[in-house]
Amino acid sequence: ERPLGYIHMKRIERAQYLIATTNLPYIEIAEETGFENVPHFSKIFKKVTSLSPGEYKKRNHQRL
């Protein structure tokens, strides 16, 4: 695995945790996990998880 891929995976793992456990807006989650903007964050999130941040949040809240 490439270093950048690993970094993205770890950042998205943290973002998944924040989406699941907080009500922070996506801009704050993106900034806290090292992404410069929401579109880039959303693109990498979807690449890693196959879900958009919004889809992930909907599915996660259904399980709670």
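This is a predicted model: local features need pLDDT of at least 70, side-chain atom pairs count only at pLDDT 80 or more; totals for chains, interfaces and linings use all residues.

Author: Residues are numbered from 1 along each chain as its sequence is written, and side-chain values use heavy atoms, with hydrogens and water left out.

Reader: Why is T33 called buried?

Author: Buried means under 20% relative accessible area, exposed over 50%, and partly exposed in between (1.4 Å probe, protein chains only). T33 has 5% relative accessibility, and therefore counts as buried. Its place is in the loop between α2 and α3; helices (H or I, at least four residues) and strands (E, at least two) are DSSP runs, numbered from the N terminus.

Reader: What does T33 touch, apart from residues up to four places away in sequence?

Author: T33 touches R11, R14, A15, L18 and F41, where contact means heavy atoms within 4.5 Å.

Reader: Is E1 buried or exposed?

Author: The relative accessible area of E1 is 72%, so E1 is exposed. E1 is found in the segment before α1 and touches Y6 and M9, residues up to four places away in sequence not being counted.

Reader: What makes F45 and Y56 an aromatic pair, and why is the pair called edge-to-face?

Author: Rings of Phe, Tyr and Trp (its six-membered ring) pair if their centres lie within 6.5 Å; planes under 30 degrees apart count as stacked, over 60 as edge-to-face and the rest as tilted. The centres of F45 and Y56 are 5.6 Å apart and their planes are at 70°, so the two residues form an edge-to-face pair. This pair links distant parts of the chain, F45 in helix α3 and Y56 in helix α4 (residues 53-63), eleven residues apart.

Reader: How do you know that F45 and Y56 are buried?

Author: F45 has a relative accessible area of 0%, and is therefore buried. Y56, at 16%, is buried as well.

Reader: What makes up the largest nonpolar core?

Author: A nonpolar core is a set of buried Ala, Val, Leu, Ile, Met, Phe, Trp, Tyr and Cys residues joined through side-chain atoms within 4.5 Å. The largest one has twelve residues, among them F45 and Y56. The elements that give two or more residues to this core are α1 (3-21), α2 (26-32) and α3 (38-49), and the largest share, four residues, comes from α1.
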